[in-house]
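Hi,

Here is the structure I promised to pass on. My notes follow below it.

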Amino acid sequence: MSAAVKRACDTCTKRKVKCDKEDPCSNCSKAQIECSYRSPVPSQRHRKRVADDDLLSKINEYEELLRRHNINFCPLDNSWIPSPLEEKLPSRHQSGCVGVGVRTQASSETQAQNSEASVLGKQLQPQTPGGRSIGAPLWLGLSRDLREPPIEQFTQNSNDGREGPVDFSSGIMALPLVPVYLPAVSGLLEMHPEPKHIFKLWQIFAENVHPLIMIIHAPTVQRRISEVCWSLDAVPKPFEAVMFAVYALAVSSMKEADCIQLFGETRSILLNRYSTGTAQALAAANLHVTRDLEVLQALVLFILLDYRSDASVTLTGLAIRIGHKMGLHRTGTDSKTPFFEEEMRVRIWWKIRCLDSRSRRLVLGLPPSRAEFGDIRMPLNINDADLHPCMASRPAVEHTGATEMLYCLMKYEVAHWMRTSPTLAAYSVNPLDMVKSTSLEAMTTKRKALAEIRQIYENKYIRYCDPTIPLHHLSATVGRLFIYRTVFSCLHPRNQPEGGRLMSQADQDEVFESSVQVLQLGYEVRRTPFSAHLLELQAAKTQVDALVYMVSELRQRVSGDLVRTAWVLVERMYKDYPDLLQDDGKFSTGLADLTLEAWDVRWRELQRHREVAVPEFIGLLQAARGKARAYDGTLDQIGGAMPGEGTQIGFLHESLDWEFWNDFLEI
């Protein structure tokens with residue numbers, strides 16, 4: 001007889017009869033049917049307990065709701081609850097009372113702060129004509145993963161003809177970080193393009209890249225290229241490094257189809273060739289011991305090829321040390337230096353410091369310092385045509401309108417404003433930490449600082465921009481993008497007192513407008529003819545946060561020009577990033593649910609005006625999420641009254657899997 005098993009056979013389990021658990025069992029033997037046993041199903045893992053911080057956060061949220069509705073309750077605090085058993089402890093008065101006193105004092109301070117914040121909230125919250133307080137932002141009702149996304153930017157989409165980033169590892173590896181003596185580099189001459197292609201690459205660089213960096217003098221470089229392009233074997237090593245860097249940056253600003261049409265080779269092949277040539281030319285020019293300004297210019301151009309890589313951090317540090325050896329941080333103190341050389345030294349030092357600030361922030365995660373730019377003056381607002389290598393003194397008049405330095409000066413203006421602003425000087429905390437500060441002092445300083453930098457940008461730069469000139473249009477767009485991005489970050493609910501629960505309606509409106517403008521202006525920046533490689537961070541930063549907030553607010557904002565623009569941006573985002581339409585149960589799922597919830601509200605408003613067009617992406621989202629329905633009925637069939645007529649807009653509360661955040665659309 002076979003050994004007995006612990007579970008009933010499949011047939012007895014289905015019939016719900018007693019099984020003797022033999023193999024075969026008696027019931028199956030009598031019925032002359034096959035007796036089979038299934039393996040036991042492994043027990044499911046217990047769900048992880050909710051973190052204490054999450055529970056306390058929810059309790060505080062519910063307590064705040066009770067306060068707003070004037071409902072009496074006993075608030076949660078950290079006060080010590082005495083026990084009768086404490087009286088039996090001999091050391092009660094010696095040690096126990098100290099703990100009780102500390103906890104009680106902390107509890108009193110907490111209650112006083114909560115009371116003060118509650119009174120302040122009643123003063124700050126706007127009132128409707130009927131006396132009803134306007135609620136907190138809908139953003140607060142989102143899941144924690146939507147409110148605090150681990151990423152903050154979208155990658156360049158593939159629908160606009162731009163090509164993705166190319167690996168520059170071969171070029172980086174060609175540059176030895178340990179000083180070596182290289183009297184000559186074999187094969188460097190063969191890496192140069194044909195003379196006719198040299199002129200074409202220079203033209204592309206001068207149009208697409210040079211206006212965004214302005215660290216070389218274009219007329220001088222153009223003249224020298226025309227002199228040496230027919231005798232490349234006699235090119236000085238420092239200038240040869242500049243030439244290869246110009247080739248590589250020109251190719252990085254081009255599309256794949258243009259590279260094949262003009263040069264007969266793919267973009268990746270050309271980039272790897274010219275970046276490797278730049279590294280080899282820098283090594284041949286004795287980069288590690290140089291004090292040559294031209295070699296330093298070539299190094300900075302080389303860093304700009306891949307300024308977001310880990311290697312760029314090391315190379316930027318090398319550029320700073322070379323600049324220190326050359327005395328760039330003390331430019332302007334020597335009256336014997338010709339003005340042309342002084343101005344070029346000022347320009348490249350500001351660019352190096354900006355690269356260092358970006359590397360610290362993006363790669364190392366360190367905040368830049370106000371003092372890192374030193375006391376060196378800003379570059380002058382003059383064109384390259386106003387400079388000449390033979391000029392010994394500065395021009396008599398500096399331009400007040402827009403020049404070729406417009407874009408660079410607008411970027412440098414932020415650092416210059418941070419070190420000279422009286423508003424920031426009076427603030428005791430680092431201005432870079434002020435954005436996340438939620439104290440009343442910080443909120444007041446934020447608004448003053450925002451008004452100050454907005455006035456500087458508008459009066460000093462943007463009002464002189466001619467939108468018909470591409471560089472002016474780009475500069476004005478990037479300037480406004482910076483302002484709206486800063487407003488969005490400073491006034492966002494997460495950077496408001498009590499997490500935005502006391503946020504005024506005026507601030508909610510301003511943050512919503514800023515989120516729309518961040519997406520709209522970012523879209524315009526990505527469509528400029530200038531190098532998308534150098535502009536990607538300007539266009540992409542904070543897009544995810546702005547998109548989530550905008551879609552969340554669309555659940556209660558149903559009309560107006562800004563709402564129409566917002567829906568155009570939502571449709572454009574789904575068109576440019578098709579991955580958002582995939583029902584993968586991660587980021588796109590949460591965003592789809594949020595978008596469909598907002599569309600339900602928008603659809604009711606459209607029905608009021610007899611507008612029945614349903615965007616294609618909405619249909620795709622409904623099909624992907626299994627929520628498709630026919631939008632051809634009356635308001636009653638669609639869902640009833642509009643918001644404000646006895647209904648409330650729902651929040652997104654479901655728990656989703658958000659691990660995909662870490663690698664979704666990462667640049």
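In which sense does H22 cross H25, left-handed or right-handed? The crossing is left-handed. Bear in mind that this is a predicted model.

Some detail on that pair. H22 covers residues 505–526 and H25 covers residues 561–576. Their axes lie 10 Å apart, at an angle of about 45 degrees. The two helices are therefore oblique to each other. On the H22 side, the contact uses Phe512, Glu513, Val516, Leu519, Gln520 and Tyr523. H25 contributes Leu562, Thr565, Ala566, Leu569, Arg572, Met573 and Asp576. Sorted by class, the contact has eight nonpolar, two polar and three charged residues.

Next, the cores. The largest nonpolar core has 149 residues. Within this core, Phe205, Leu296, Leu301 and Met550 touch the most other members. Take Leu296: leaving aside residues up to four places away in sequence, Leu296 touches Ala319, Ile322, Gly323, Met326, Leu328, Ile348 and Ile352. There is also a second, separate core of six residues. Cys9, Cys19, Cys25 and Cys28 are among its members.

Finally, the chain as a whole. The protein chain has 28 helices and zero strands. It runs to 667 residues, and 47% of them are buried. Now count the contacts between residues at least 6 apart in sequence: 73% of these join residues at least 24 apart.

Best wishes

Technical notes: Residues numbered from 1 in each chain as written. Predicted model: local features only at pLDDT ≥ 70, side-chain atom pairs only at ≥ 80, totals over all residues. Heavy atoms only, no water. Axes fitted to C-alpha atoms, helices over the stretch in contact; angles between N-to-C directions. Helix = DSSP H or I, 4+ residues; strand = E, 2+ residues; numbered from the N terminus. Parallel < 35°, antiparallel > 145°, perpendicular 65-115°, else oblique. Left-handed = near helix turned anticlockwise from the far one by under 90°. Contact = heavy atoms within 4.5 Å. Nonpolar A, V, L, I, M, F, W, Y, C, P; charged D, E, K, R; others polar. Core = buried A, V, L, I, M, F, W, Y, C linked by side-chain atoms within 4.5 Å. Buried < 20%, exposed > 50% of the residue type's maximum accessible area, 1.4 Å probe, protein only.
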